[in-house]
Amino acid sequence: MTDRAGRRRARRIAIGTAVVLALAGMNGPWLYRFGTEKYHQYKINQPEYKAANGKWEIVEFPEEYRQNTIHAALLRTGKVLLVAGSGNNQDNFDAKRYDTRIWDPVKGTIKKVPTPADLFCTGHTQLANGNLLIAGGTKRYEKLKGDVKKAGGLMVVHNENPDKPITLPAGTRFVGKENGKTFVSKDPVLVPRATKNFDKETGEFLGNTPGYGRTYVEAQKNGNKYATGTQDNYTVQGLSGEDAQNTYGIAEKLALDKKDFQGIDDAFEFDPIAEKYIKVDPMKESRWYPTLTTLSDGKILSVSGLDDIGQLVPGKNEVYDPETKKWTYTDKVRQFPTYPALFLMQNGKVFYSGSNAGYGPDDVGRDPGVWDVETNKFEKVPGLSDPNMLETSGTVLLPPAQDEKYMVIGGGGVGESRLASEKTRIVDLKADDPEFVDGPSMDKGTRYPQASILPNDDVLISGGSEDYRGRSDSNILEARIYDTEKNEMKRVADPLVGRNYHSGSILLPDGRLMFFGSDSLYADKANTKPGEFEQRVEIYTPPYLYGEESQPELKDGPETIKRGGSGTFTSKDAASVKSVRLIRPSASTHVTDVDQRSIELDFTTDGDKITVTVPKNRNLVQAGWYMLFVNTGDGTPSKGQWVQVP
C-alpha cells in the first residue's frame, strides 16, 4: 500500500467514526459505551442530545440532612416528604433514631421533621383533605439464622372461659407439658372469652369455641438445647383457680430459625401545611410492608404485612375512615403477599396485578385478578407471562386512566431467587374477557423497575437490577420512555445512579422526575463487600423540557373543581393546547405506587381561556388534590397547577 493510499484510508476511517459518534449522540444513549469520559460529558450536554434523550442530574443534600430514604410522597404544597424511619439500620433502630425530611425542589431547601415511630416499611396513601395517611412500620428487626441466640416463635394462647376475657402481661412464663421447657412472652396479650355454640334449630348447647390470642415467646436462656422440635401444650404460670384451668398455650417448634421483622399498628396523618405527624387510632392489626388503597367510598383499605410477631397477617384486612379516624375489619378474609399492588377500578372493584414485594407463601394470593372487596369474590385474570417472577415487579395504570389498561414491568422469583424477567405485560380491563398480553421487552431481566407517568401520557421506566438487591453488581443504568399510543419503548439517557431495593420515583409539578433510595446488598461483583445505602437524589428532566417549544402557560384557575364540574384557566398558549391531564400525586415505596394516575379531561378554548371538565366517576377521580397539566401538540406540558376535587 502506498503512503498516499494509506492516508486516504485513515481519513475515511476517521470520518466514518466521527459520523457514527455524531449519530449516536443524536439518536441514543449507546454512545455511553464509546469515547472518553470528557467527550461523553460534552455530547450528553448538547441541546440536540437532551432534546432527544433528556438529562439526569444528581442532588446531594448537605451531610446533616442526608438519610436512608425508604418512602416518598409528593405533598400538595409541591414539597416532597422523604421518610426513612430507622432506614434499614439496626443501630438507628436500637437508638430510636427515626428520620423524616421535607424537601422543596423549587427552593432547594430541606427540613428535618420529628418522627414519632419507626416508619421504616410503613404503608401510605394520599387522603382527600391533602394529608398523607401513614400506617404500620417496624417493631423489631429480623434476625438471621446464626444470629438468633434464644429459641422462640409464636405462642397461641387459648381461653375456654365463656364469661370473661383474660389479659396476660409481658413476661408471662409458659411451661411445656411434654418438653418441660419454659418460654417467656415479650408482649402483653389479650385473649377473648370463649364463644358459646348452640344448635340453630333446637337451641341445644353444643359447647364452647375457645377465644385465642397470639404472642411472641423466647426461651429463658441461650442455646439450642432450650429449643423444641415439635408442637406442645403449655401451662401458664401465675394463674390460679378457673383462670388456670381455662387458659393454656399451644406452640409449634420454638427454634433458633431466622426471625422475621415485626410490625406495629401505629397510624398517623401527615399534615403538609403544619408539616407534622398527627397520631390517629391504631390499626386493628400490626403491619410491616402493608399496602394502603383508596376505596369507592373514600375509605382506605389496609392489606397484608407482617404482624407484631413476624407472621404474615392471615388475610385480616381493615379500612380507615378519614372522618372518624378509626379502623374496622372488613367482613371477609383474603390473603396477599406483602406490598401487593392494588388499584381502585372505575366499577368500584379492586384490581390486583400480582406485583408484590415478597413475604408470604409462594402458592397463596399471588394470581392477578379483580377483587370485589364487599363480596370477597375474586376473578383471576389469565395470560400473564413469567407468572413466577412477580416479586419486585412494578405496576402502573397506563395513561389516560379512563382506558383502564395496566402494565406489569419486570420482576423476579420468590425470595432471593436469581430469576428476573425482561417482560412487560399489558391488560385491558375494559375488554370483554381481560387477558394479559406481552408489551415491548426490556434488554435485561429487571427487578425493582421504577415507572413514572408523564403529563404527555408517556411512561418513564428506569433503573432496577438484574439480581436480588443489586447482587453481583447488577444495577441497570438504563432508562426508557414507553409511548402508550404506539406501544413502543425508546431508550433515553442513562441514569447516573443505580437504583434497586428501597428506591422509588416521583413526578414533580414542573414536569421533572425525582428518584430516591437504593439499598444494595453488596458493593462489588464478588459479593464480598457490604453495600451502602444510596442517599443521593437524582432528577431526570425529560426531552419535552428541552424541545423547541417552551412550557405552555397555565394560571388564574380555581383551586377546587367538583366531579362533573368545570373550571376556567388563563393561558396565552391556549390555542396550542391539545390535551389536559389531571394527575394524582405519588406515594412511592418498594416498587409500589398505587396512587399515581393520569386522568384525561375534556376542554374547550376561547381566546386565552381554557375551560376543563372533570369526569363524574368518583372511582376514576378519587377525592383529593391533583396536578392539572395542559400539553401542546408536541407533548410539552405546562407546570402543574394544584386543584382539589372534593
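These legends describe close-up views of aromatic rings in a predicted model. Residues are numbered from 1 along each chain as its sequence is written, and side-chain values use heavy atoms, without hydrogens or water. Local features need pLDDT of at least 70 and side-chain atom pairs pLDDT 80 or more, while totals for chains, interfaces and linings use all residues.

**View 1. F120 and Y141 form a stacked aromatic pair.** Rings of Phe, Tyr and Trp (its six-membered ring) pair if their centres lie within 6.5 Å; planes under 30 degrees apart count as stacked, over 60 as edge-to-face and the rest as tilted. F120 lies in the loop between strand 5 (109–112) and strand 6 (123–126), and Y141 in the loop between strand 8 (138–140) and strand 9 (152–159). Strands are DSSP runs (E, at least two residues), numbered from the N terminus. F120 is buried at 1% relative accessible area, and Y141 is buried at 5%; buried means under 20% (1.4 Å probe, protein chains only).

**View 2. F120 also pairs with W288.** The centres are 6.3 Å apart and the planes are at 75°, so this pair is edge-to-face. W288 sits in the loop between strand 21 (276–280) and strand 22 (291–294), so the pair ties together parts 168 residues apart in sequence. W288 is buried, with a relative accessible area of 0%.

**View 3. Ring pairs link a cluster of residues.** Its members are F93, F120, Y141, F261, W288, Y289, Y339 and Y359. The structure holds 24 aromatic pairs.

How values were computed:
Helix = DSSP H or I, 4+ residues; strand = E, 2+ residues; numbered from the N terminus. Buried < 20%, exposed > 50% of the residue type's maximum accessible area, 1.4 Å probe, protein only.
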